[in-house]
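Start inside the chains, then move to an interface.

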Amino acid sequence: MTAVPIGETLDVSLTVNGATVSVDIDPRRSLADVIREEIGLTGTHLGCEHGVCGACTILLDGEPARSCLMLAAQAEGTAITTIEGLATNGEMHPVQQAMHEAMSFQCAFCSPGFMMSTIALLDDNPNPSEKEIREELSGNLCRCTGYESIVEGVETAVKIMGPTR
Amino acid sequence: MKNPQFNYHRPGSLSEALALLDEHGDEAKVLAGGQSLLPVMALRLGRPEHLVDIGALAGLSNITAGPQGTTIQALVRHAAAERSTDIATHAPLVSAAMPHVGHRAIRTRGTVCGSIAHADPAAEMPAVCLAVDATMVAESVAGTREIVATDFFEGYLTTALRPNEILTEVRFPAWSATAGGTVVEISRRHGDYALLGLACLLDVTEGLIANAALSFFGAGGTPIRVAEAEQTLIGRPPNDETFAAAAKAVTEHLEPGSDIHASTNYRRHIAGVLTRRGLAEATSKIGVPA
Amino acid sequence: MAQQTSGLGFTGQRVKRVEDERLLIGEGTFVADIQPEGALHASFVRSPFPHANIRSINVAAARRHPGVAAVLTGAEVNAVTNKFVPFITMDGLYTPLYQAMSDTKVRHIGDPVAIVIAESRYIAEDAAELVEVDYDIVEGIGSIDRALDPSLPQLWEHADGNVLYDGTDTYGEVDTMFTLADRVVTETFTSHRQSNQPMETRGTLVEVDPVTGHLTIHAATQAPHFLKWAVAALTADQSAVSSLRQFIGKKDRRKAFAGAAKDFLKTNGEKMKKADSSGQTYQMKKEKGLLKAMSKMGLGLLAADDYPTVKSIDIGGGFGAKGPVAREDIAVVVAAQKLGKTVQWIEDRVENLADGGHAREEVFTLSLALNNDGTFKALKCDLILDGGAYPSFPISNAATKQLLKVYLPGPYDFKAYQIRGRIVASNKGKVVPYRGPWANECWVRERLIDKAAHELGRDPGDLRLQNMIGEDLPRAAMITGPTLDETNSTKKTLQRAIEMIDYDQLAIDKAEAERRNHRIGLGIASYLEAAPGPPNFGDSVSPGTDMFLFEDGRATVEADGKIVVYTSQSPHGQSHQTTYKQVTADEFGVAMEDVEVVWGNTDRTQFSLLGTGGSRGGPLGAGVLRMTSRQVRQSVVREAANMLEASVGDIVIENGNIHVAGVPSRGITYADVAAKVASTKGVKDGPVFEEELKYEGVGNGGWSVATHVAWVDVDLDTGQVTIPRYLVVEDCGPIINPGIVDGQVRGGVAQGIGAVFYENAYYDEEANLQASTYMDYLVPTAMEIPRIEIEHMETLTDGENDARGTGEGGMIGTPAALTNAVSDALGIEVNEQYLPPARILELAGVIEPD
Ligand SMILES: Cc1cc2nc3c(=O)[nH]c(=O)nc-3n(C[C@H](O)[C@H](O)[C@H](O)COP(=O)(O)OP(=O)(O)OC[C@H]3O[C@@H](n4cnc5c(N)ncnc54)[C@H](O)[C@@H]3O)c2cc1C
Ligand code: FES
Ligand code: FES
C-alpha cells in the first residue's frame, strides 16, 4: 500500500531505454513530464496533453501508450522505450532510417510518436497494407506532411526490415 | 493542462482499495487506465481529493470466457480484450466494439470496466452491455452487488455505482450459437468517439428472428435500446425489408441531441442507416466466429 | 561566371534532409526542450467570458501559494509596457491599440488578465486558479452579422461600431461593364473560422543576464528579428535609463532614431493631435508614412546591443501562427525582468485553440459580369472579414484584406473590377495569417466560375481556358497592378490538368456510384501566387510594404576554410538547412557537409521583419545565399589565382579542389586559400572572406501557379466524403529539392481538406468557443487524407534564381477544388466552405436542418 499525501513525493523506479531509473516526484506528474524533465529525454513531445495528437507516444512494456495520459507513478516497474532508445551504437533504427529515406517529416515535432507507433505496428504486423498503416497511424496527428511521406516511410521500413519477423 | 493536486493511493489489495473508497467517499476517484480521468483532470474539470490507483491490485486482470458466459475483470485493458480469441468466440460483440475505441495507444491503457464505469454516452462498451444484458459486479466494504445493464446506466457520465464501490468485473451472458452481432458507427474522423453508433444482435432460428437487440450510443445521455424497433424484427426473416422496417421504427422513436458536430436530424437519419447496415452485417456473422 | 564551379549538382536533387540527423533521433531543440536549471514556469489567468469588463482582480491568495514566485496582473504588466501598433494601415482603418494583457476589459475567451510565475507549471496552474476576477459580463459578438448590428455593444470604445474598416477599390469601368455584359452571376460565399494548429504550440523562454540584464529569448517564432524588435519597442520604458545612456553614447544611432522620429511626426503629427482624449487611438490617413517611420525607428533602435537576443533552433510548425508576436511573450519578458530569473511559458493546446491564432472567417458576395459566349467582363466583390478581438502584430488582417483585393481576379482577364472590403471586430481569438492568408480569393472565384459554367451549360474547364491569361490571351499585368510574365503559366497547368482527367472514366464512375447511393464529382481550381512576385507586387498590396520584402544573406569562408552562410529565415519544417546547403555547396563547388547554415540567432543573422513566411524561403532566402556565395567564391578564386599564378579565368573548382583547368592534381583547397589570407591578415579564426547582400528577387514575374483537381465520392446515406483522387499540377519554377517541394504541396492540400471537411474553430453567436480541445477541433488523420498526385511543370526564365515559392499554394487551391467537386457530385451550388457530413446531407436534400 502506497499513500502519498498532497505535498509529498513518491519514489518511482522504472526502466527507460534499458537503464534503471529512479525518480522522486510529485505523484501528479505525468509520465511525459517526468521523461522530459526529470529524466531529461526531451525527444518525447507534448502536442496536446489530452491524448489526441500522439506526439507523446512511447512504448510501455513494448506496447504503444500515451505518456501524457499516464501518471509517472503508474509506470512503476515498467520498461519504457522512447525515441532516444531506438538507435544502437549511434546507428539509426531501421524505422528511423526509413523515415529519413522517405523524407517523411518536416518540422518533425510529431515524429517521435509516429516512429513509436510504427515500431508497434510492425512488431504485430510486419507486412501491413497501406490501409492498415493508415489505420494504425491515425492515432498520431501530423500537421505538416499530409501523411503520404510517413506512410511511405513505413513502407520503406518494411522493405528494410523484411516482411517477416 | 497539468493535473491538480491529489492524495495518491496505490493500494496493494482490493480490501485496502475498498476501505480507502469507503473512507473518502465522494472525494475519492478510482484511477484505472486513466484514459478518461486524466484528461478531465488535466483540463481541471475534475479534481478528486484522493486518487485510488487500482493498477497494482492483483487478481483483477482475468478474462474468463466459455459457453456459460464471459467475465472481464476490472484491469483488463481494451487491448487485451481486443486480442482475446475467447472473447471473440464467446462475447463477439465486445470484440467488435474494441477497434472502435479510440486508437491503439489508448487501448493499451484503457480498461473495459473503466469505459463502462465512465459511461460516456458516445462510448461503445456501455451500449454493448445494454445490448447483451450484461451484469456489472460492484464491490464495496459492504459486499458485492450485481447490477444489470438496464439499471446501471443512469445518465450522462452517471451510473448506479456508489462512490465507495469498485466495478470489479462485468459479466456477459452466454452467446447463442444462432446469434450474430456487430458494432457499427459513424464518427467524424477515424478513431473519434462516434457521432452515433449501434451495437446490435440478431438471433435467428429456423429462418426467423427470435431475438434482437438494437442498442444505440451517442443518441442520448445513456445508451438506448429501441424496443419498438426490436419488436418489428421478431418473427420476421432477416432481410432488407425487415431491416428497413426496423430502421423506420428507430428513426421514429429516437430523439438524439445535437452539437457542433451533428444535428439531431442527422443523428436520427444515421440511426436508420446504421440499423440497416448493422443488421445486415450481424446476419452475415451468424455462425461465423469474429 | 557560373561555369567556374562544377559543383556536385545537389540543386534539383531529392537530397535527404540534414535536419533528420538530429530530429529523427530525438535530439532536436524545441523551445520546451530547453530547461535551464532553476527556470520558473508561467501560466496565464484567462478570461472565461467572451466579453466583459473587469471590476476587480484579487491575486493575494495566488501570491501566497507555496512555490509561487510572482503574480502580475494585467495592469501591472501594462504599466511597464507599450502598446501594440499593428503595422498595416489603410485610409479609414481603425487600428485598435492594445497591450500585452487585458486590464479593464476582456474581449475573447482566453484573453490573458494575469500571469503567474512558479517553480513548476503545475504549481503555476494551481495558483492561477486562485486568482479571483470579478467580471461584469457584456453581450458577445460571435458572428459577422452581429458585428454589423449597430445596436450591439462594441469592442473598441472609440471605434465607429464594430466595423473597423470599410473601403472600396475600383479598377476600370466596372459599372459600364456590368451594364454591357449579357448576364451577371452572383453568389454569397461564407467561409468558417479555421486555425493553423502547428503540432508544437507557441512558447518562450526568457533568460536574464544577472550582471548586464541582457535578455536572451528562446522562442518558437517564425520571425526572430521581429520578436527582438518588438520586445525592445514594447518594453522600452523599462530599459529606458540604460538604453538612453547607451544610446546617447552612440552618435550614429542617435541620428538614425532622430531622423526616423522626425519622419514619423511629419507624416503622423496631424493625426496624433487628433488622437482622442484617452490617447489610445487614432486613424491613419496615409498608408506609407507610419509603416516606413515605424520601421525606421525600429531599425534605429535595433542597433543597440542591449536589446534582446532571440534564438530559435527547431520549431514545430507555424503556418503563419508563429509570425505575430504573442501578447504573452511580452508578459513573460516583463516577469523575467522583474524577477531577474529565467521564465518559460509553453502554451498548452487549450490556450492555443483559444488564442494561438485563427483565420479565414469571411463572407463574400461576388458578381461576375459575362457574355453569353462565356467571355468574362468584370468582377465585383463585397467582402467582410472577421478580424477577431485583437489585430495580430505586426501584420494584421488588414494585410489579408489587401491581398484578397489584389488576388481576387486571379489568372483571368477582366476588363474591370471593384471590391468593397470591410473588417469587423468580434469577441473571438485573434486572426493571424494562415498559409496563403488570402486563399479565399481562389475559393470564391473558382466556385463562381463553376456556377457561371453551369448556368451557361459550359464545361467548367473550358470556360476557364477561354478567359485565362496565357499565350493566346496575353496580358502584361493583373488588373490590380502586378506585372505578369512567363512565370504565370497557370494556363499551362490547367491544360495539363485537363489532359490528365479521364472524363470517360468519370462518367462510368458516376453511374456506378449512383447505384450505391453515392455521388461522384470533379472540381477544378486554378490560381497564381506571388512567390515572391514582381517588383510592383508589394506596392499593389499596400504602398510602403515593398521596403520589407528584401531578404538579407551573408556568406563567409572562415580561417580554417569552413564555409558558413547566414540566413534571416526561421525555418519551422521547411527544411531550409538542407536546401540552403544544396544551393550553397553547388555555388562553392564543395560537398554539402562542407557548408554550415546559421539561422535563428539574432546576434548572428541580419535583420528581417518577416523571417519565414510568404513562400519566400526558396526564391529569396536561397536566392540571396546563392548570390552572396558567388561573390565570396569569386574573391576566393581571385586569391587562388594569385596562389596558383594563373589567371582568374582559368580557375575551376571541382568538389572543393580549386585548380587550373585541366590540372586537378595541382589544386588547392578552400582551407589553403583561407589559411593564406588569414596569415596575411594576421587572424586565427573567424571569417576571412565575407559578403552581405540585400536581395529582392529578379525579373518581372516570380509567380508560382497551380491547378488542382479533386475527385470526391459522397455517401448519400451518411454524408461522408472520400477523395478517390487528388491531383495538383504546379509550377514553381526549377525545383531545388523535389522531396521537399512535394511535402510542402501535400501538407498544404491536407490543411485544405481539413478546412473543408473537418476543422471549425466554432463559436456560438455570443462568442463562446465550442472547439476548445482536440476532441472538437478536428485535425485530419492519415485515414482522412488521401494520396496526392503531383505533376510538376518547371517554367524557366532567364533569371538566375528562378526557384519560386511553394509553401502556401497547396492550401490555396484545395477548398475551391473540393467544393467544386461536391457541387458537381450533388448537382447544386455549394456556397459555404465547411461541409461536415450533416451539412452534406442537408445540401443534398436528404435531411432537413434542425
Ligand atoms: C483520444 C481518445 C479517444 C477515445 N476514444 C474513445 C472511443 O472512441 N470510445 C470509447 O469508448 N472511449 C474512448 N476513449 C476513452 C477510453 O475508452 C477510456 O479508456 C475509457 O473510457 C476509460 O477507461 P480507463 O480504464 O482509462 O478509466 P479511467 O480513465 O481510469 O477512469 C474513468 C472513470 O471511470 C472510473 N472507473 C474506472 N474504472 C473503474 C472501476 N473499475 N470501478 C469504478 N470506477 C472506475 C474512474 O473513477 C473515472 O471516473 C478515448 C479516450 C481518448 C483519450
Ligand atoms: S501529447 Fe499526448 S496525445 Fe497529445
Ligand atoms: S512534421 Fe510537422 S507535425 Fe508532423
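A search of the whole structure turns up 95 salt bridges over all chains. A salt bridge here is a side-chain nitrogen of Lys or Arg within 4 Å of a carboxyl oxygen of Asp or Glu. The model is predicted: local features need pLDDT of at least 70, side-chain atom pairs count only at pLDDT 80 or more, and totals for chains, interfaces and linings use all residues. Residues are numbered from 1 along each chain as its sequence is written, chains are lettered from A and ligands numbered from 1 in the order in which they are written, and side-chain values use heavy atoms, with hydrogens and water left out.

Take chain B. Arg268(B) forms a salt bridge with Glu255(B), and their closest N and O atoms lie 2.8 Å apart. The pair links distant parts of the chain, 13 residues apart: Arg268(B) sits in helix H12 (residues 264-284), and Glu255(B) in the loop between helix H11 (240-253) and H12. Helices (H or I, at least four residues) and strands (E, at least two) are DSSP runs, numbered from the N terminus. Arg268(B) is buried, at 19% relative accessible area. Glu255(B) is exposed, at 59%. The cut-offs are under 20% relative accessible area for buried and over 50% for exposed, with partly exposed in between (1.4 Å probe, protein chains only).

Now chain C. Lys322(C) pairs with Glu200(C) in a salt bridge, with 2.8 Å between the closest N and O atoms. This pair also links distant parts of its chain, 122 residues apart. Lys322(C) lies in the loop between strand E13 (309-311) and helix H11 (327-339), and Glu200(C) in the loop between strand E10 (194-195) and strand E11 (203-208). Both Lys322(C) and Glu200(C) are buried. Another salt bridge joins Arg17(C) to Asp20(C), at 3.0 Å between the closest N and O atoms. Arg17(C) is buried, at 2%, and Asp20(C) is buried, at 1%.

How do chains C and B meet? The contact (heavy atoms within 4.5 Å) takes 39 residues from chain C and 27 residues from chain B. The count between chain C and chain B is 6 salt bridges. Asp717(C) forms a salt bridge with Arg277(B), the closest N and O atoms being 3.6 Å apart. Helix H4 (121-128) and helix H24 (837-843) of chain C each supply at least two residues of the side that touches chain B.
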